Amino acid sequence: MRSHEKRVNVCPRTQGKYLVSVVLTAVFAIASLFGTLLFSADAVADVAESQAVAQVGNATYASVQEAIGRTTLKNTTVTLLADVTESVTITPPKGVRNVTFDLNGHTLQAAESGGAAGFATITVPANMQLTIVGPGTVAGGTQPAVDCRGVLRVEGGTFTSDATLMRFAETDETSAQGSFSGGTFTAPTLFNLLDDAKNLGYVTVRGGEYRGMIPAGLNTLALLSGSFSDLSNLAPYLADSLGLIPGGTSGDGMGDGMFHVGDLAISSKQTSVELDPASGLQQLSADDLLELTENTTERHRRLPSCGG
C-alpha cells in the first residue's frame, strides 16, 4: 500500500518535468524557425535589391512594368535604375492618369522574344499621359520606340528604331497627342499612324534633333522648332514655323548637315524673304505661299492652338 501511494505522489512531478521539457523544446524550435524565416526574408530582400531596375519613391522593383503599377497620386515618377530589356504599357493603378518616366541615364530596350515580342518599347493607352525625361535611351530595335493612343510628352532622351520610331492614332473613340520639346530621334521613319488610325492625332515638335524621314500627309503634325536631317516632305509642316534654314548657310554653328527650324527662319526655297517679327508672319509672294502651304488647308482647320 505504501509503495503504491509513493508511486502516485512521484508520477505527477515526473510528468510536470516532462511537460516543461516539451514546452521548452517547442519554444526553441519556434524561435529557431522564426530566425530562419527572418534570415530568408532578409536574403530575399537583398536579392530583390540587387536585381532592381526601377524605383518609385524609396521602393525598388525588379521590372519597369511592376514599378508603373505601384505609382500613386502622390508619386507618379518611375526612375530607371539599370539598363533593361522590357516592353511596357503605361497602366498605373486606378485613379493615376499621369506618369513620368525618368530614364536616369539608362536604356530601356524593347523585348524581342517571348510574350512581349512585336510590341513597342513603350505603349501609351488612351486616357493615359506619359512624360519622358532624359538623359537615357528608349530603343525599339525592330519595333517602334513608342506607340501612343493617349498623351505623350518628351522633354529629353535618345529614341531609336530600325523601323518607325513613333506611332500615333486618332480614331472615332480617341485622339492621341504628342509634344516634343527636346531629345534625339533616329529611325528610317520618325512619325506615322497606328494601323487602325484615321489620322495622326495632334503632334507638335517644339525642339529636338530628328534624324530620319517624316512621311507626307500627316495633316495634324506641326513643326515649330527643331533640327532635321531630311528635308523631304517637310514644307507643309513648316508653314506655321516660318520656313527652314539649310545647314551650313549661317555663321552660328549650323554647318552640321542638319536643317534648323526657327521662329524667324528663312525658307531654303526662297532667295529673298521679308520677315515681319511683329506679326510673326513670313512675307512671301502668292505663288510661294501657295507652294509652302500646299495641302495644309484641312490641317489648319483641325489643328488646335499651338501656343499652349
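**Exercise 1. Find which residues have the most contacts inside the largest nonpolar core.**

Solution. The largest nonpolar core holds 50 residues, and Val64, Ile122, Phe180 and Phe191 have the most contacts inside it. Such a core is a set of buried Ala, Val, Leu, Ile, Met, Phe, Trp, Tyr and Cys residues joined through side-chain atoms within 4.5 Å. Buried means under 20% relative accessible area (1.4 Å probe, protein chains only). Next, look at the strands, which are DSSP runs (E, at least two residues) numbered from the N terminus: strand 16 gives the largest share of this core, 4 residues.

Before going on, note that this is a predicted model, where local features need pLDDT of at least 70 and side-chain atom pairs pLDDT 80 or more, while totals for chains, interfaces and linings use all residues. Residues are numbered from 1 along each chain, and side-chain values use heavy atoms, without hydrogens and water.

**Exercise 2. Describe the ring pair of Phe168 and Phe191.**

Solution. Start with the rule: rings of Phe, Tyr and Trp (its six-membered ring) pair if their centres lie within 6.5 Å; planes under 30 degrees apart are stacked, over 60 edge-to-face, the rest tilted. Here the centres are 6.4 Å apart and the planes at 50 degrees, so the pair is tilted. Then place the residues: Phe168 is in strand 14 and Phe191 in strand 16, 23 residues apart. Both Phe168 and Phe191 are buried.

**Exercise 3. Now describe Phe185 and Tyr210.**

Solution. Their rings are stacked, 4.6 Å centre to centre with 5 degrees between the planes. Phe185 lies in strand 16 and Tyr210 in strand 18, so the pair ties together parts 25 residues apart in sequence.
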